[in-house]
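Here is a friendly briefing to read alongside the model. Please have the sequence and the 3D view open as you go.

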Amino acid sequence: MKNLLSLAVMLTIFGISACSKKEKTADLTLNFTAKFNNQNLVLKSEYIDSASYKYKIEKFKYFLSNIALVKDDNTEVKLTDLVCVDYETPSTQTLVIKNIPVTHFKKVKFGVGLTAAQNNMLPDDVADSDPRHLYSSMYWGWLKYIFVRMEGRSDVDGSDKFDNLLIYDVGSDELYKTVEVLKSLNIAEGNNTLTFRLDIDKIFRNGISDIDISNYEESYTHSDKTNSKNYDTAIKFAENFSKAFTIE
Amino acid sequence: MKLKIEKLLSSLVKVSLATVLLFLLGIAGCKPDKNIEPDPNSNDPDSLYVGTPYSLQRPSPSNRFRRFPDSTFTVEGIRLGRMLFWDPIVSADSTLSCGSCHKPEFAFSDEGKQFSMNLSGPTKRNTPSLQNSIWMRQLFWDGRQPSLEAASHDALLDEQHFNAAQAVSKIEKRTDYVPLFKKAFGRPGTITEDKIFRAIGMFMRTMISTNSNYDKSLRGLYTLSDAEQRGLAIFSTEKGDCFHCHTDGPYLTFTNNEFLNNALDSAATLADVKDIGLGKVTGSTDDYGKFKVPSVRNLSYTYPYMRDGRFETLEQVVNFYSDSLRYSPNISPNMKKINQGGLHLTAQEKSDLIAFLKTLDDASFVSDTAFSNPFK
């Protein structure tokens, strides 16, 4: 009985101390921007890349997963499990995260695409509010989820007709990329913002593994492992895409 | 001895407690089932009558997709919807029903007619199939309606000069309908426009086709022939690249539910596009010439093809996509090699592709008596 009483007292004290040590928190708005020459991407408008090819992007959607901030002591704060950014739907380009500890963070971590576990869930296993929902148009039976879907057309022969392809449907577990970016971020009380900026031109021309959109084999992919050229383009695109992000 | 008596008493108390509990449980179990009682024909306004829940009985298209979208179904609602679907009472002159143009034996399309008919004559659209519309959003070729209820209302208004007040008053005079509305929607059993379309919507959501040879092959109940297998490879790779739009995605609907310009007609500028489709709905010139991607299920029953029924045979459709694509500024990016007219499949590839497409025919769907005219 005595023991029980002391346990109760201890638990009460513990409870009180847990309450008094409550951390200060703040809101953090995540923005997902896509830029071309420092201007926001406008779907269906005409762009000229550094090789003077003209192109238009009509659809552009991608998944980012496990977005987290890393504190100076290397502990992590997870911001979200999964987002699907769609440049046809402005509401998907911002996300407000509540209850972020007021402190300094040194790094941002995220995955491009879906983790194997996320990729394994069927559209009918997830809630309607999940970005993988039935109508996301980001799922094929044989591939599972499409991590990045970019669809457009190009004019690579100066004919003024946009009659060449620009289609990159990239998916499969092997092409999931994790990205870590050093970023000094002081979360202060009130509202804070963090911007994931994607430079479109960098996907195609980064000086290391350029994608030549005038080459038919590199102008499209749907990540078909049975077709080596098709899959090679997917590998290249996935790599370039994950490196085209900067955090602002 | 005292101890023994105490033990006996204690077990007696336990037994009686258990008995009381079981008794109470029993009473609770006897509580009237609100799905059956109270009598829907009584006029008790406090009725909690909700109808008999209906669960979809169609086979899953494959072993992967087992759950159907959440929908509110009742056996009574579907029964009423089936009657209203087939009853010409809903049209202005009581001559046309939904089933007049959406015939089950043609997968709910219109028996090979190029254009859908309304009371004034032919329209400029081919009657679309109603199959698997439980999974559809944005109905009609131009996507002008967001739900099956709104779409069936639109179709009745446009094609059968539907007048809500007139239809309600005609139905009210039919003694057979009044109890059916009560059974479907509870008391007081008033007949309203909203209930008419909710019932038709319930019935339409049961039109699920997931039992083709291809579906059976996914469940291990059918083996694709060599030609069908080769056709599947053409369909689902860059070779034919059909799968981008007629995607096997969630629930194997074979449509991505998007609106695209499929290169049927050429136009130098968007202003030259004559049949503007989605553009009429959104008001955006970017959408001129874009139309809903239809499913490629049950093609043997849904001829002719395309929004204007311009192709009578599957051979014509495959020849068009293979060899005769026409440029316009907003054609779908997935129309490959547009400057060469298409991907130029060989005669063998074309026939293999058609062999595969025919594995998506669902004979059990088009002969299902659950959809047939209940007045015959």
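Contact here means heavy atoms within 4.5 Å. With that in hand, 67% of the contacts in chain B between residues at least 6 apart in sequence join residues at least 24 apart. Please keep in mind that this is a predicted model, where local features need pLDDT of at least 70, side-chain atom pairs count only at pLDDT 80 or more, and totals for chains, interfaces and linings use all residues. Residues are numbered from 1 along each chain as its sequence is written, chains are lettered from A in the order in which they are written, and side-chain values use heavy atoms, with hydrogens and water left out.

**Where the chains meet**

- The contact involves 31 residues of chain A and 35 residues of chain B.
- Together the two chains bury about 2900 Å², 52% of it on carbon and sulfur atoms; buried area is the accessible area (1.4 Å probe) that two parts lose on being put together, summed over both.
- On the chain A side, Asp124(A), Tyr135(A) and Arg153(A) lose the most area to chain B, together 23% of what that side buries.
- Two salt bridges are counted between chain A and chain B, a salt bridge being a side-chain nitrogen of Lys or Arg within 4 Å of a carboxyl oxygen of Asp or Glu.
- Arg149(A) and Glu258(B) form a salt bridge, with their closest N and O atoms 3.0 Å apart.

**Helix H6 of chain B**

- Helices are DSSP runs (H or I, at least four residues) and strands likewise (E, at least two), numbered from the N terminus; chain B has 13 helices and four strands.
- Buried means under 20% relative accessible area, exposed over 50%, and partly exposed in between (1.4 Å probe, protein chains only); 53% of the 376 residues of chain B count as buried.
- In helix H6 (residues 177-185) of chain B, the buried residues are Tyr177(B), Leu180(B), Phe181(B), Lys182(B), Ala184(B) and Phe185(B).
- The cover over these buried residues includes helix H2 (75-86), helix H5 (164-172) and helix H7 (193-205) of chain B.

**Salt bridges within the chains**

- Over all chains, the whole structure holds 45 salt bridges.
- Lys113(B) pairs with Asp110(B) in a salt bridge, their closest N and O atoms 3.4 Å apart; Lys113(B) is partly exposed at 36% relative accessibility, whereas Asp110(B) is buried at 3%.
- In chain A, Asp210(A) and Arg205(A) form a salt bridge with closest N and O atoms 3.6 Å apart; Asp210(A) is partly exposed at 30% relative accessibility, and Arg205(A) is partly exposed at 23%.
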